[in-house]
Amino acid sequence: MNHVPYVGSGPYCYANSFAMMFGDRAPSTAAIEFAIGGAFGMQLVGGTLPFFDPYGWTPEAGFDDSLAALGWTSAVRRGGTAEQALAALGAALADGPVWVGPVEMGHLRHQPGMAGPIGADHYVVVLGLAEGRVLMHDPQGHPYATLPVDDFVTAWRADSVDYATPFTLRAGFRQVRAVTEEAAIEAALPAARRWLAMAEGRHAPAGTIGNAEAAERLAGMIEAGCDAGLRGHLVHFAVRVGARRVADAATCLARIGRGEAAAVTDRQARLIGALQYPLVAGDDAAAAALLRRLAPSYAELLAVLG
């Protein structure tokens, strides 16, 4: 069975935002996502909310390691008042675009249907701040979007994003050394192993479980009655981004000659991606069966990566 790399749309906001900040020296978003570490595991946050990413992982937890692996550095600013944050944003924009996030996607009212917090994190690249509006590239599919400053500040405060520190931005992006994508993938492997072994767990609310246990528990939850909230989260976000990031991991692992690991991640991506139809169609027994086939693959992947 041949692995076919995926190219297309999907919720890849922070990888796409980093690529915009790197400019013409940007590696592929597949390599960026691999370095961030989100492909290596599964978690059920608080025992109820599923993500196809590692136990205790958040995007923020992987950013500094990923930048180091890719040969880049940046300056981070967090917290303070809204007035201080806007002043810092304006000052940073004098030197070029600014990477901003997490923001609460539900407050980004240029996106159709967004009318309030939905608990969804998002990342954007801010290009300008003038005349009471923020100009940004929103990688959700909205280049050169504008938003009133008050709405942007509400989103940037990120009160409903559980891992967020309000008003986080990154500026001063600088390439400190040229790194091939293959070298960056190799450099990210130790962190990938730690995430897969559930050794990093920086953000694990009470009741959070990972990997095989999470897959088995989610299978049981779906069989017992998949409510509209869980189904919506899975089909609109978790399955889409999970399948893509794991497919990208397979592509990256194959590039550095890790054939066994690439085969396991390809199988994981196929199983995660295959969840979409039965969950949309209401065939919950089929979805649960796929999750139970996925469960043992995390131990398999750790064994071949080790």
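**Exercise 1.** Determine the handedness of the crossing of α3 and α6, and describe how these helices pack.

*Solution.* The crossing of α3 and α6 is right-handed, the term for a near helix turned clockwise from the far one by less than a right angle, anticlockwise being left-handed. Helices here are DSSP runs of H or I with at least four residues, strands are runs of E with at least two, and both are numbered from the N terminus. The model is predicted: local features need pLDDT of at least 70, side-chain atom pairs count only at pLDDT 80 or more, and totals for chains, interfaces and linings use all residues. Residues are numbered from 1 along each chain as its sequence is written, and side-chain values use heavy atoms, with hydrogens and water left out.

Next, take the geometry. The axes of α3 and α6 come within 8 Å and cross at roughly 155 degrees; axes are lines fitted to C-alpha atoms, for helices over the stretch in contact, with angles from 0 to 180 degrees between N-to-C directions. The two helices, α3 and α6, are therefore roughly antiparallel (over 145 degrees; under 35 counts as roughly parallel, 65 to 115 as roughly perpendicular and the rest as oblique).

Finally, list the contact (heavy atoms within 4.5 Å). From α3, Ala61, Asp65, Ala69 and Leu70 meet Ala184, Ala187, Ala188, Arg194 and Trp195 of α6. By class, the contact of α3 with α6 has seven nonpolar, no polar and two charged residues, where Ala, Val, Leu, Ile, Met, Phe, Trp, Tyr, Cys and Pro are nonpolar, Asp, Glu, Lys and Arg charged, and the others, Gly among them, polar.

**Exercise 2.** Characterise the largest pocket by its volume and lining.

*Solution.* A pocket is found on a 1 Å grid over the protein atoms alone, as an open set of points where a 1.4 Å probe fits, with protein on both sides within 12 Å along at least five of seven lines; lining residues have an atom within 4 Å of a point. The volume of the largest pocket is about 820 Å³, taken as the space filled by probe spheres set on the points, which are joined across faces, edges and corners. Of its 33 lining residues, Phe51, Gly119, Ala120, Asp121 and Phe237 are the closest to the centre. At least two lining residues come from each of α1 (13–22), β1 (43–45), β2 (49–51), β5 (121–130) and α8 (228–255), and α8 gives the most, with seven. The lining of the largest pocket comprises 19 nonpolar, nine polar and five charged residues.
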